[in-house]
Each structure stands twice: as structure tokens, then as C-alpha cells.
Amino acid sequence: MKPQETASRIAATPADATVSGDVGGVDEVDLAPVRTYWQLVRRRFVRHRMAVISLITLTILIAFAVLVPLLTGDLYKDPDIHRIYGAPEFPGAPLGYDEIGQNVFVRLAKATQTSLIVGFSAVIIIAGVGSLVGAIAGYMGGWVDNALMRFVDVVLTLPILFIILMIVSFFGQGNVWVVVIAIGITGWTLAARLIRGEFLMLREMDFVQAARALGASHRRIVFRHMLPPATGPLIVAAAIGVADAVVIEAALSFLGFGISLPEASLGNMLNNAQTYFIRAPLMVFWPGIILVLMVLCASFLGDGLRDALDPRQKIDVK
Amino acid sequence: MARYMARRLIQAIPIVIGVSIIVFLIVYASPGDPTDRFRTPRVPPEQILALIRSYGLDKPLPEQYLAWVTTFFQPWNIDAWGYSFVDGVPVIEKVMRRMPATFLLMGTALVVTVIVAIPIGIIAAVRQYSWTDKIITTSATIGYALPSFLLGTYILYLGGVLAKQWTNGAVGFPLFGMESLGSRGDPVDIAWHMFMPVLSLAILSIAAWSRYVRSSMLDVLHQDYVRTAKAKGLPRRSVLYKHALRNAMIPIVTLLGLSIPTLIAGAAITETIFSWPGLGSMYVESVGNKDYPVIMALAMLSGIAVILGNLLADVLYGIVDPRIKY
């Protein structure tokens, strides 16, 4: 049995301890349950009500986006001329059919899947490039830092939507991966700045200085000592990044530059539904509500994670 | 101040160069070249070669870049930004034709935002944790999460289609454009056309601004000098508006400076939804047409606008906050 578990057991059952009579002057206050960092994170996160609700909602959305397309295969791009604007059917098509007889519910699930794939893939690029640039700038300091941060300034000055539109339209309109890359290579500046800030601070901390004094290699210092405490801000940046990427993809598809029909995306469903406003008004509503839910959940989740992952937060959770 | 501004402008030069290199490289690296649109069986290959030579596309990359950049910064020449591939009109003329519409739309939206968001933010801050505050902050959070094209589409549907159905055609906003045919320059007509796009732009920025105003006002209200002012027995109004508000407005003035670039670059998505004849929708159109000269000019223009906006924000900050010395 590990010592901290023994300690927590003693603290949890003071009566037993008194009975056995060998507490031996150990102060009970010192034996308060020892919690690991991640246990504390979980406790702080659970207190954030909106964040928990968001996590549950996102889990349901992800399940919807994974399971429905898995079960229905290519049904989402399968038109049926007998069911144009068809009424809802249970349980097969609870949201009815669209202007060419495609199942709206199934299409919506596929579109959510597309959005999530774009969001998460783009965030991998954002977090990768961002932490690489930020870590190098923050760790090296000096002219390297200066040069990299001027580069960040340049990217921040670029009209992002304009540049993304340009890349997508020139290098393969309608291709999901071009969209992902375009969002990724323009969106990493926030992550880079956060990681750089953390690294500049961590670099001067005693434990990093100690590791350096002990002769640890640069790689060991960066990966074992500096990156783990910097994951908090990175995760928060990633949560914001997913939401931004999902919105940008939808906006691109809405403008007709992103994912093209018959593939499904929240943006192109919305754009398409706009044409049939009067005939089928609800079709504008469904992709919109999913999009807003995703963005809201990501931002609440980001808030909750920021508070939960910050080790300097007051530990008043009992 | 003048020295500070000069230094900032000099610092901006490498950033402008960086932006121009990136814009140039994206256009240059894209598959195909500007002569592709002439490549039909009816155009002989020699003529294409002649075109390539006359555009200077056979020259080395750095030389092409330098030629483009140096002419770009001579906007007093009508052909400095090249000619549109679509209609052969000089790009400068095209931009100048569209700029007033964008300026009018974005300017009105900004004014509406300032007028509405500042009082809302103040009320929320003064009555912190009250029901009013909760309603304001919740709707601001939701508004902040609304993607612009979603809101624009819904407003278009509500104001343009549903309103007409419900009122049997009595009320209904025009679905697109800036003027009706046959009423050029009639201010009432333009205002009528502007209502829906301004509404959708303003809702989004009011959501963002009121959050800033609220948190900035809360920061100030919790400071010692405000407590002192209250303790002295000054009337509540005077504490709020003379002591607190003036300091709370400092970050907001910065925000104003940062919104200036949108006056020039426009809002591509909202302008496209409402077919507003501004620079934002022109950008989307020219990307669709692969109209390289227009795309490059607009991308550069909005990059420069962002830099000037940042500079303006800092200068305004120095003006409203006498503690800041440059």
C-alpha cells in the first residue's frame, strides 16, 4: 500500500485509529487526504456547472456524429425523388427530407462529423505549429524569440478570412484537407503566444534551473520539465481553436468555397437551405443549432478547463 | 508623440513587407497562371507566350515580386494595382467605386454598436449579479458564439421573408443590394436597405463590446478611489459617470481604434449574404473569379488597415489616458 493511501485511510477513519490506540501523536490535520494534480483538476472542473453540461452535450454530439453515419453508410447523399420535402418519419427520418429527397437527419449527422473532423484536425496543426514556435521562441529567447515573434505579428496582420479563402480557392476547392491546412497554418498564433509566455516564465523557475545545473539536455528540459506545466494553456487554446475552425469551415462552405455537395457540411447545408427558405424553413434551423451548440460548448469547456488546469488556483475543494 | 508615431511607422515596414511576401507567394505558388483563362484552342500558343512576356511572368520570382511591390505603393498612378482580369477596369478605380458602400455600412454598424453596447455594459456592471446583469451577460455570451453567416441568414429570413408573410406584404425589408432600381442615392431607400445588414453586424459586435465594457467598468468600480468617492458622500451619479466611467472608457477607446480596419476591409460574409456592394463582397467575388490583381490589392489593403488600426489604437490610448507617455 502506498504511503499516501494509508494516510488517507487513517484520516478517513479516525475512530478506528483511536481504537487501535497507536496513532502516536500524529496530527490529524497533516493527514488530510493527499490528492494528485489530476484529481484536483477533476474536482475543480466538476464544480464548473456550465463546463460539465457542455462536456455532456459535446459527448452526445460526437456520438451522434460517429454512430449515425456508421450505421447508415452512404445514405446521406442518396436522393429519393418520391420523398422530396417528405414529412418526418419515425424512427428512420425524424427531420424529414430535403429538396432532393435526402434524409435530413442522416445528412446532419454526416455534416456534424465533417465539422468535427475539420475542427480536430485543424487543432492538431494549430497546437503543433503553435507549441513548436512558442517553445522555440520562449526557450531560446534573444534574437530567435524576436524574429519568431515578428513573424507572429505578420501572420496576425494578415486578413485571415481573406487568406484562407485564397488558399482554399487556389489549391483545391471542395477538398476537406485543403480547408484543414488553410485553417491550421493561419490559426496557430494564439497557441504560440501562450506557450511562449509560459516558457519565458518557466525558464527562470528554480526547478528548470536545477535541471539545467544537473546537466539535463535541452530536449529533456523542454519535454520533461517545461512542456507538462505548459499543457494547461495549450488545452485552453485548443478548445478555442476547435470552435474557430468549425466556424471557419462552415463559413467557407457557406460561401461556396469549402466542402461541396453532395458531401455534407453544416455550412453547405445552410447555404443550400437558404435557397429553399420559404418551402422548408426548418432546414435552415437544424445546421445552425448544431453549430451554435458546438461553439458555445467549446467556449464553456475552455473556461472550465482554464480554471481546472491552473495549478495556482486556490485549492478549496473538499 | 510625433517621434513615437514615426518609430511605430518604421516598425510597421517589415510587417507590411512580410504580408506582401506571403500574399505574393500564395498567388504565385497556386496551380496554373494568370494566362490560363486565355488558353482556348482559338488562341495560338505564340500569343500566350507573348502575353507571358508582356505580363513579365517569365522573369525570376524576386524580380516579379519587386516589380509588383514597388508599383503597388504608387497608388497615385491609376494602373499601380493592375487591371481586373474580369472587366479590364483599373483595380484602384474598382476599389474606389466600392469603398463608400463598405464605409457607410461598417461605419453605421460601429456607431450603433457604440451607442447600444456602452450603456448595456455599464448597466450590467453597476448591477452586478442582478437579474438584469445575468440576462445581459447570458445573451452576450450567446451572441458572441453566433457565427455571422448564421445570424445574417436568420435575419434575412425573418426580416425579408417572414415579416412580409405575417404582415401581408406591408412590412418587409429589401432582400439584397444597397439601392432600389430607379431611386439612386435616395437616403431613405438606402437606410431601408441597410437595416438588416447593420442589424446583423451590430448584434455580434454589441455582444462583444458589452462584455468588454462590463468587465472594464467592474475593474474600475472595485478600485480604491471609487470607494473613497462613495465614502465622501458624493452623489451616485457623479461617482459613476465622473469617476468610474471615464477610466473605464480607456480600454474601450482602444477597441474603437482596433475596429477601424473593418471600416475599410468590410465584412466579407455579411456583405455577401445581403449582396451589399462593398469591398468584402468584392473580395469573395474576385476569389471566385480568380481575379488575381483585385485579390492581391484587397488583401494588402486590409493588412495595411490592420497595422494603421493598431497604431491608431495606441495613439488614442495615449490621448485619453494622460498617465501614458510616449
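In chain A, helix H5 and helix H8 meet through a set of residues on each side, where two residues touch if their C-beta atoms, placed from the backbone, lie within 7 Å. From H5(A) come A:Thr114, A:Val118, A:Ser121, A:Ala122, A:Ile125 and A:Ile126, and H8(A) brings A:Val176, A:Val179, A:Val180, A:Ile181, A:Ile183, A:Gly184 and A:Ile185. By class, that contact has 10 nonpolar, three polar and no charged residues (Ala, Val, Leu, Ile, Met, Phe, Trp, Tyr, Cys and Pro count as nonpolar, Asp, Glu, Lys and Arg as charged, and the others, Gly among them, as polar).

This is a predicted model, in which local features need pLDDT of at least 70, side-chain atom pairs count only at pLDDT 80 or more, and totals for chains, interfaces and linings use all residues. Residues are numbered from 1 along each chain as its sequence is written, while chains are lettered from A and ligands numbered from 1 in the order in which they are written.

**How H5(A) and H8(A) cross**
- H5 (residues 104-140) and H8 (residues 176-186) of chain A pack at about 40°, with axes 8 Å apart (axes are lines fitted to C-alpha atoms over the stretch in contact, and angles run from 0 to 180 degrees between N-to-C directions).
- That makes H5(A) oblique to H8(A) (under 35 degrees is roughly parallel, over 145 roughly antiparallel, 65 to 115 roughly perpendicular and the rest oblique).
- Helices here are DSSP runs (H or I, at least four residues), numbered from the N terminus.

**The enclosed helix H7(A)**
- Since 10 of the 11 residues of H7 (residues 160-170) of chain A are buried, the helix is largely enclosed by the rest of the structure (buried means 20 or more other C-beta atoms within 10 Å of a residue's own, with C-beta atoms placed from the backbone).
- Its cover includes H8 and H11 (218-255) of chain A, along with H1, H10, H11 and H12 of chain B.
- Just after H7(A), A:Gly172 takes a positive phi of about 120°.

**Where the chains touch**
- Chain B puts 31 residues into the contact and chain A puts in 32 residues.
- H12(B) gives the most to chain B's side, with seven residues.
- That side divides into 25 nonpolar, six polar and no charged residues.

**Confidence**
- Chain B averages a pLDDT of 84, and 98% of its residues score at least 70 (pLDDT is the predictor's confidence in each residue, from 0 to 100).
- Within chain B, confidence is lowest in H2 (residues 45-55), at a mean of 80, and highest in H4 (residues 91-126), at 90.
- For the complex, the predictor gives an ipTM of 0.82 and a pTM of 0.82.

Conventions: A residue is buried if 20 or more other C-beta atoms lie within 10 Å of its own, exposed if 12 or fewer, and partly exposed in between; C-beta atoms are placed from the backbone.
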